[in-house]
Amino acid sequence: LTDVGELIARARVQGILDPEELLRVSDFLRCSRRMREYLERGADLAPRLALLGDSVISRPEIEDEIARCIDDNANVRNNASPELQRLSAQAEVLERRVRDRIESILRRETDRGTLQEPVIVQRDGRFCLPVQSGAQGRFRGIIHDRSDSGATVFMEPPEVVEVGNELRETYLRIEDEVERILREITARIGAFASEFDENLRALGVVDFIGARASLAAKMMANP
């Protein structure tokens with residue numbers, strides 16, 4: 001059990017929780033559900049605790065929604081929505097097209113000796129080649145970055161600019177769709193903020209009772 005009160009408060013006022021924060025809320029919801037089930041099973045032995053468990057609200061549908069959209073590494077899944085899945089597939093196709101074109105240029109410029117090293121790099125979502133600063137006059141392209149030493153300029157060949165623009169636009173649309181998904185899940189959490197606050201209170205009481213019982217056992221105390 002972790003305190004997610006601040007996250008629930010942010011969801012209540014229509015903030016937006018990032019994937020890692022959503023996983024924390026999911027852990028809290030799973031803990032709430034399992035504690036309620038545990039206390040229900042022990043109702044004959046501890047009826048007052050079972051009553052306390054009755055105040056814990058279970059929302060497995062939100063757990064399921066978070067698990068469907070967020071993976072264990074706190075990344076939004078590509079299939080979190082039909083639109084995100086479509087955009088992700090489109091980005092893969094465009095990336096392959098850019099790489100195919102720039103790899104042929106890479107081989108050509110390696111033979112010409114204009115590159116600092118024969119690799120493809122990304123700068124601000126654009127595919128570039130690391131051109132020796134002294135050779136940039138022999139390489140047509142758009143400069144997107146420069147190394148700290150100034151010995152290398154990262155240039156985008158003109159042959160990939162058009163596809164690069166389309167790819168960059170796709171990346172931006174993916175970012176927008178991811179934000180929409182996160183905002184939508186956060187709004188669902190915010191809609192039940194009062195219930196989750198009550199869960200925090202009830203589970204805090206259970207945690208306190210457990211701590212008292214543990215201490216009593218260590219002290220071999222009698223009621």
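These legends walk through a handful of close-up views of a predicted model.

**View 1. Helix 5 packs against helix 6.**
Start with two long runs of residues: helix 5 covers residues 82-112 and helix 6 covers residues 161-191. Their axes sit 9 Å apart, and the angle between them is about 155°. Angles over 145 degrees count as roughly antiparallel, and helix 5 and helix 6 are therefore roughly antiparallel to each other. The crossing of this pair is left-handed. On the helix 5 side, the contact is made by Glu-83, Leu-84, Arg-86, Leu-87, Ser-88, Gln-90, Ala-91, Leu-94, Glu-95, Arg-97, Val-98 and Arg-101. Helix 6 brings Val-163, Gly-164, Glu-166, Leu-167, Thr-170, Tyr-171, Arg-173, Ile-174, Glu-177, Val-178 and Ile-181 to the contact. Sort the residues of this contact by type and you get 11 nonpolar, 4 polar and 8 charged.

**View 2. Ser-88 is a buried residue of helix 5.**
Now zoom in on one residue from that contact. Ser-88 belongs to helix 5. Its relative accessibility is 10%, and since buried means under 20%, Ser-88 counts as buried. What does the side chain of Ser-88 join up with through a polar contact of 3.5 Å? The partner is the side chain of Asn-78. A polar atom of the Ser-88 side chain also lies 2.8 Å from the backbone oxygen of Leu-84. If you skip the neighbours within four places in sequence, Ser-88 is in contact with Asn-78 and Ile-174.

**View 3. Helix 4 also meets helix 6.**
Helix 4 takes in residues 60-69. Its axis and the axis of helix 6 come within 11 Å and cross at roughly 165°. That angle makes helix 4 roughly antiparallel to helix 6, and the crossing is left-handed. From helix 4, look for Glu-61, Ile-62, Glu-65, Ile-66 and Cys-69. They meet Ile-181, Ile-185, Arg-188 and Ile-189 of helix 6. The tally for this contact is 6 nonpolar, no polar and 3 charged residues.

Ala-191 has its place in helix 6. With 60% relative accessibility, Ala-191 counts as exposed.

**View 4. Thr-114 is buried in the loop between helix 5 and strand 1.**
Is Thr-114 buried or exposed? Its relative accessibility is 0%, so Thr-114 counts as buried. The side chain of Thr-114 makes a polar contact of 2.8 Å with the side chain of Glu-109. Leaving out residues up to four places away in sequence, Thr-114 touches Glu-109, Val-131, Gln-132, Ala-135, Arg-138 and Phe-139.

Leu-23 is partly exposed, with a relative accessible area of 22%. Gly-53, by contrast, is 30 residues from Leu-23 along the chain, and their C-alpha atoms are separated by 23 Å.

**View 5. Asp-124 and Met-220 each have a positive phi.**
Some background first: most residues other than glycine have a negative phi. Asp-124 is not a glycine, but its phi is positive, at about 55°. You'll find Asp-124 in the loop between strand 1 (121-123) and strand 2 (126-132). Asp-124 is exposed, with a relative accessible area of 60%. Met-220 has a positive phi as well, near 55°. It is found in the segment after helix 7 (193-219). With a relative accessible area of 72%, Met-220 is exposed.

Conventions: Residues are numbered from 1 along each chain as its sequence is written. This is a predicted model: local features need pLDDT of at least 70, side-chain atom pairs count only at pLDDT 80 or more; totals for chains, interfaces and linings use all residues. Side-chain values use heavy atoms; hydrogens and water are left out. Axes are lines fitted to C-alpha atoms, for helices over the stretch in contact, and angles run from 0 to 180 degrees between N-to-C directions. Helices (H or I, at least four residues) and strands (E, at least two) are DSSP runs, numbered from the N terminus. Angles under 35 degrees count as roughly parallel, over 145 as roughly antiparallel, 65 to 115 as roughly perpendicular and the rest as oblique. A crossing is left-handed if the near helix is turned anticlockwise from the far one by less than a right angle, and right-handed if clockwise. Contact means heavy atoms within 4.5 Å. Ala, Val, Leu, Ile, Met, Phe, Trp, Tyr, Cys and Pro count as nonpolar, Asp, Glu, Lys and Arg as charged, and the others, Gly among them, as polar. Buried means under 20% relative accessible area, exposed over 50%, partly exposed in between (1.4 Å probe, protein chains only). A polar contact is a pair of N or O atoms within 3.5 Å; within protein, one must be able to donate a hydrogen and the other to accept it, and residues adjacent in sequence count only if both atoms are side-chain atoms.
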